[in-house]
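Me: I am new to this structure. Please show it to me, then let me ask about its parts.

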Amino acid sequence: MKTVFIVGSGIMGSGIAQLCSQAGYEVRLMDNDQKMLGKAFKKIEWSLNKLEEKSLLKENAGDILTRIKIENTFENASDTDIVIEAAFENLKTKHDIFKELEHVCRPDAILGTNTSSIPITEIASILKNPQRFVGIHFFNPVHKMKLVEIIKGFATSDDTAQKTKEFVFSIGKEPVMVNCDSAGFIVNRINGMAFLEALQLLEKGVASVEDIDKAIRLGLGNPMGPFELMDLVGLDVVLNARMGIYNETRQPNHFPPGILKNMVKAGCLGRKTGKGFYEYK
Ligand SMILES: NC(=O)c1ccc[n+]([C@@H]2O[C@H](COP(=O)([O-])OP(=O)(O)OC[C@H]3O[C@@H](n4cnc5c(N)ncnc54)[C@H](O)[C@@H]3O)[C@@H](O)[C@H]2O)c1
């Protein structure tokens, strides 16, 4: 594989683009919002320059950056080896994207989604060839988190899963295989319950945001508390993920508490909007 086409240049797409270009891939970073593309490119440039200052790059930042091309259509996905979609966490958005991509991409190109919670089988349901469709789930921040979950949908072929695994190793990450669709996969399924418990403790007035975070950092040795982590991930992303798991399992203990919904309605989405459980300048 030589070329990666990434859809969505937000938190995840921009991080994945930087990672792949650092690993030597030709990257096409596509977004339908020109402002987001501009922001993403500047962020990647800034981050590469910082790494260069610390002598953490194998080649110079300028050369790595020239491997990233920004795109506002799917046209140039025609010669890509693998697609990683990191657009909004919304089934219709993802269906619209993959309908176009299936048409444009080579028949042997792998189509991957970075969804946090939408079943892979459901996204692949609109494809003529769902065998080449796979979940490739990165963690935030992409440059720091070593893990990538590879999720097989109902029709994903072993060959697609194997090639995706090799790709993940090639960009310096560690894959785990999720052998069948399961809402939240592994990490979000387990960690999501910790988020819900933290929100319920807050709603009941058992402890403050700061003290719950402190308890988890100092008591469990986690680098971040649940509220710090939700602010980093984005409260809209957390809510969508929780609703996805609830809708699939229908287990009441997966239903997100009111405080999370209200904060999302109020636009308090965490770091990306400057306000979540904490304020950011
Ligand atoms: N934020 C996280 O911590 C995290 C972690 C793992 C996975 N994910 C998943 O990754 C995906 C992206 O999340 P994010 O946090 O980077 O979102 P984000 O809101 O930061 O970025 C999404 C980007 O997609 C673009 N976009 C939306 N519709 C598009 C379309 N039709 N065509 C092209 N571009 C489009 C938007 O303009 C935006 O720039 C979601 O599926 C999310 O669930 C997020």
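Predicted model: local features only at pLDDT ≥ 70, side-chain atom pairs only at ≥ 80, totals over all residues.

Reply: Residues are numbered from 1 along each chain as its sequence is written.

Me: How far apart do the C-alpha centres of domain 1 and domain 2 lie?

Reply: The protein chain is divided into domain 1 (3–178) and domain 2 (189–273). These bounds come from an automatic or database domain assignment. The C-alpha centres of the two domains lie apart by 26 Å.

Me: How many residues of domain 2 are in contact with domain 1?

Reply: Two residues are in contact if their C-beta atoms, placed from the backbone, lie within 7 Å. On the domain 1 side, 7 residues take part. They divide into 3 nonpolar, 3 polar and 1 charged. Nonpolar means Ala, Val, Leu, Ile, Met, Phe, Trp, Tyr, Cys and Pro, charged means Asp, Glu, Lys and Arg, and polar means the others, Gly among them. In domain 2, the number in contact is 10.

Me: Which residues come nearest to the ligand?

Reply: A residue is near a molecule if its C-beta atom, placed from the backbone, lies within 6 Å of it. The shell around the ligand draws at least three residues from each of domain 1 and domain 2. By class, the shell has 12 nonpolar, 11 polar and 4 charged residues. Of the 27 residues around the ligand, the nearest are Gly-8, Gly-10, Met-12, Ser-116 and Asn-140.

Me: Which residue does a cis peptide bond join to Asn-140?

Reply: The omega of this bond is about 0°. Strands here are DSSP runs (E, at least two residues), and helices are runs of H or I with at least four, both numbered from the N terminus. The residue joined to Asn-140 is Pro-141.

Me: Which strands are the edge strands of the open sheet?

Reply: The sheet has 8 strands in the order β3-β2-β1-β4-β5-β6-β7-β8, with mixed pairing. Two strands pair if DSSP finds at least two bridges between them. Each edge strand pairs on one side only, and these strands are β3 (68–71) and β8 (174–178).

Me: In β4, what is the bridge partner of Val-4?

Reply: Strand β1 (residues 3–7) and strand β4 (residues 82–85) run parallel. They are joined by 4 bridges. The partner of Val-4 is Ile-82.

Me: At roughly what angle do the axes of α7 and α9 cross?

Reply: Ala-194, Phe-195 and Ala-198 in α7 meet Pro-226, Phe-227 and Met-230 in α9. That contact has 6 nonpolar residues, no polar and no charged. Axes are lines fitted to C-alpha atoms, for helices over the stretch in contact, with angles from 0 to 180 degrees between N-to-C directions. The two axes come within 10 Å and cross at roughly 115°.
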